[in-house]
Amino acid sequence: MEMFDQIFSLLGASIRLATPLMFAAMAGIFSERSGIVDIGLEGKMLISAFASACAAYETGSPWLGLLAGILVSVMFALMHGYASITQRGDQTISGLAVNFLASGLTVVLGHAWYGQGGLTPSVHDERFKSIILPGAEWLGENVPVVGPFYEQVISGHNILVYLAFVSVAAAYWVLFRTRFGLRLRATGEEPNAVDSAGISVAWVRYRAMIVTGVLCGCAGTYLSIAQNAAFQREMTAGRGYIALAAVIFGKWHPKGALGACLLFGFLQSLETRLQSVQLPLVGELPSQVFSAIPYIITVVLLAGFIGKAIAPKNVGVPYVKER
Amino acid sequence: MTAPAIELKAINKRFGPVWANRDIDLKVMPGTVHGIVGENGAGKSTLMSILYGFYTADTGEILVNGQNLDIRNSQQAIQAGIGMVHQHFMLVEPFTVLENVMLGMEGQAVLANARGKARKALQDIASRYGLEVDPDAIVGELPVGLQQRVEILKALYRGAKILILDEPTSVLTPQETGQLFEILESLRSQGVTVLLITHKLKEIMAITNHVSIMRAGTMVAHRETAHTSPEELAELMVGRKVLLRVDKQPAQPGEQRMEIKNLDYSDDRGVRRLKDINFNLRSGEILGVAGVSGNGQSELLKMLSGALAPNQGVMVLDTRAGHSELSAGSWRDAAEIRDLGIAHVPENRLRQALVKAFSAAENAILGYHDKPEYGETFLEPEKVVNATEVMMEAYDVRPRLPGLKTANFSGGNQQKLVLAREMLKEPDILLIGQPTRGVDIGAIEFIHRNMIAARDKGAAVLLVSVELDEILSLSDRIIVMNDGAITGEVMASETNEAELGLLMTSTAGEVPTAGNGPTGGAKAPQSEQQEEAVA
């Protein structure tokens, strides 16, 4: 049973690590399917992690923290939207600006407000706590294999983890089963068709930006006041980019991206598990090797194993009415 | 008397200093097909964009069915019963036909029921007007003719009673054009009003009831189609008499200049773009390459001019540079091929032939810039400018300003500059793609005359064009391409549009069923025919 315990705790950790990726990847799908490249996922996660940590500390409520995180993230998303939709700017540059701004602001404000070297004061009771699902303990002790699986992998996560799975299902439903989704996908493919059908391309894209902001807000909040208990500088540590890799890996589809996020989460939990472990032949591997794996896998798999990932045709192209 | 379906009164639209539409009046009667002709830049598209709400007129009135309307966006135009089929389709390619038709008219926020309703409505419309398309087909996988049908369905689904078609036949084969006209007939008989924008006079004569002619932003005349002629329309469009037919003597083919054997090419994605191409080209003849755009003609031109190298095949050349044989392993680049006496006027002048931001003089030597006549070690600006002036004079490039930025010349004058650069060198072999694309009628006449003149001086000319009229009037011999293969070879004097159209859709080796000219799908008999023709 020792081995099962190890595997299940690894899987449980994978899910916790995959959660912010899932939120951010869904955010990326909404943005890119509407035709806006968003490398600013990282920045939006970071600023919302900061905002929610501050708000949770000040108000004593994780929910108000989440709300603050979402609001700030939506603001940043709209900033990116204004630059790329209304001003038709370069979307990569604008996304980069979002990242720099978030990275700088969080440190400056953190210093100014709390003076703890960029950290926010830790919250203990004001964070999202693990939920033990009914019967988890009993099943874990009395039913072999399935019981511990339920106890360690399914149960024992905080509410945002479950919400992340809901967001994947919701993203799928919205994109493929609703009018908004149909229009959003059409906008990323052929904005001319959308415009000539009498729909405002800009309005569709702005709404996509808002959805992206909300989802990034959840991702950031999860990092600072669910997975951890405070904000630390640069705590997103490239997760926004990994989420973007998951979007591409998953071919801009919620199901595919979910798979990619879970895989990347698993690799990350392996990373922590295998640090300072002596492996046969190679000895102790530097942790950077593991950090690089998601990117390497994305490149290698996209290069030949899962076929070509075809991006929405007009992603990254500002929409200008033709003459 | 019934009110006109559309009445435009004194429409004006300016873009900065350019007066795109000036005091335009137009009346279109319901249940008719009304043609609007004019050259590129005459203001047809602007006028239609105003009617469809893409632009707003600076001044003027729009009346639809007698009611004064203020159309500010496409949504309002759609509500007024106006539908538009754009030249470049407004279709979402990965979507199904049904999804494309629904887009913007979904009804409910959740699609579950909307799909069913749309499917039923679509089938009703399809059967009423005879426009059958599989609603679940992916649009990107449909042939162009069917995609256009989806565009028409989209408009009808939105309740359009007035349909604007912008250059609808530019992407169609003659057969597809015939089908489109049948659809338009059926629409007209059901009371739909059709506005047909085109520059093809033949189509105006074939289908319209009335025709309005535009020139340089103004409406110059309205005619009843039955009481006009192509010659009159051309004169009204250009503002002077135009020779529609190309005057030429029969070809006097000389020795063989180029022979292509078993040319095969697959692109980066592994798609086979050229399939076992064989033909020859003699001095003193124009060989036309006909086909619907995108069937390998572009790749063929790039290959022969050295921009691409084939996977297989041989090119045998007999030019001033002597006898040479290039095979797949020893292909040459564009500069080396140019040195063998081959000149190339590419299909897309702004992408392949000119640098827009350069001056005319710089473009006039592009590709020949390292020749000693423009300076030994360094370029000598005086020599370059002098040479450019000679070219501009010979090919009537206006304005005659070698220092002017190329982007500031009109399409026709840009094209004439390219032609001057390539043709004044008197190449042994001239490869020329879409010589008159986006060029006004006056310049077309000039360009055609010069191509014939080059032929008569002994050049071997390979002409690639998607305009069948151009192929038929200029070529001496015609090969037809479909799906990367040559599907037939005919003598220009013994064929017609219908036969070429059939060849354009048949597969290699298959003999078309109609036409009684020497069609010959197989390759061996063809070369025999050529021998006879030459002898």
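Analyst: Let us begin with the axes: they are lines fitted to C-alpha atoms, for helices over the stretch in contact, and angles run from 0 to 180 degrees between N-to-C directions. Helices (H or I, at least four residues) and strands (E, at least two) are DSSP runs, numbered from the N terminus. The model is a predicted one, in which local features need pLDDT of at least 70 and side-chain atom pairs count only at pLDDT 80 or more, while totals for chains, interfaces and linings use all residues. Residues are numbered from 1 along each chain as its sequence is written, and chains are lettered from A and ligands numbered from 1 in the order in which they are written.

User: At what angle do the axes of helix 2 and helix 4 of chain A cross?

Analyst: Two packed helices are described by the angle between their axes and the distance between the axes. The axes of helix 2 (residues 41-59) and helix 4 (residues 91-114) of chain A cross at roughly 20 degrees and come within 7 Å. Angles under 35 degrees count as roughly parallel, over 145 as roughly antiparallel, 65 to 115 as roughly perpendicular and the rest as oblique. Helix 2 of chain A is therefore roughly parallel to helix 4 of chain A. Their crossing is left-handed; that is, the near helix is turned anticlockwise from the far one by less than a right angle, whereas clockwise would be right-handed.

User: Which residues make the contact between helix 2 and helix 4 of chain A?

Analyst: Two residues are in contact if their C-beta atoms, placed from the backbone, lie within 7 Å. Among those of helix 2 of chain A are Leu46(A), Ile47(A) and Phe50(A), and helix 4 of chain A contributes residues including Val98(A), Leu101(A) and Leu105(A). The residues of this contact of helix 2 with helix 4 of chain A comprise seven nonpolar, five polar and two charged. Here Ala, Val, Leu, Ile, Met, Phe, Trp, Tyr, Cys and Pro count as nonpolar, Asp, Glu, Lys and Arg as charged, and the others, Gly among them, as polar.

User: How are helix 1 and helix 10 of chain A oriented to each other?

Analyst: The axes of helix 1 and helix 10 (residues 201-227) of chain A come within 7 Å, crossing at roughly 165 degrees. These two helices of chain A are therefore roughly antiparallel to each other, and their crossing is left-handed. Phe23(A) and Phe30(A) of helix 1 are among the residues in the contact, as are Leu215(A) and Tyr222(A) of helix 10. By class, this contact of helix 1 with helix 10 of chain A has 15 nonpolar, four polar and one charged residues.

User: How many residues of helix 8 of chain A are buried?

Analyst: A residue is buried if 20 or more other C-beta atoms lie within 10 Å of its own, exposed if 12 or fewer, and partly exposed in between. In helix 8 (residues 179-189) of chain A, nine of the eleven residues are buried, so this helix is largely enclosed by the rest of the structure. Arg183(A) and Leu184(A) are among the buried ones. The cover includes helix 1 and helix 10 of chain A, together with helix 3 (97-102) and helix 4 of chain B.

User: How many residues of chain B are in contact with chain A?

Analyst: There are 22 residues of chain B in contact with 17 residues of chain A. Helix 2 of chain B gives the most to the side of chain B that touches chain A, with three residues. That side of chain B has 13 nonpolar, six polar and three charged residues.
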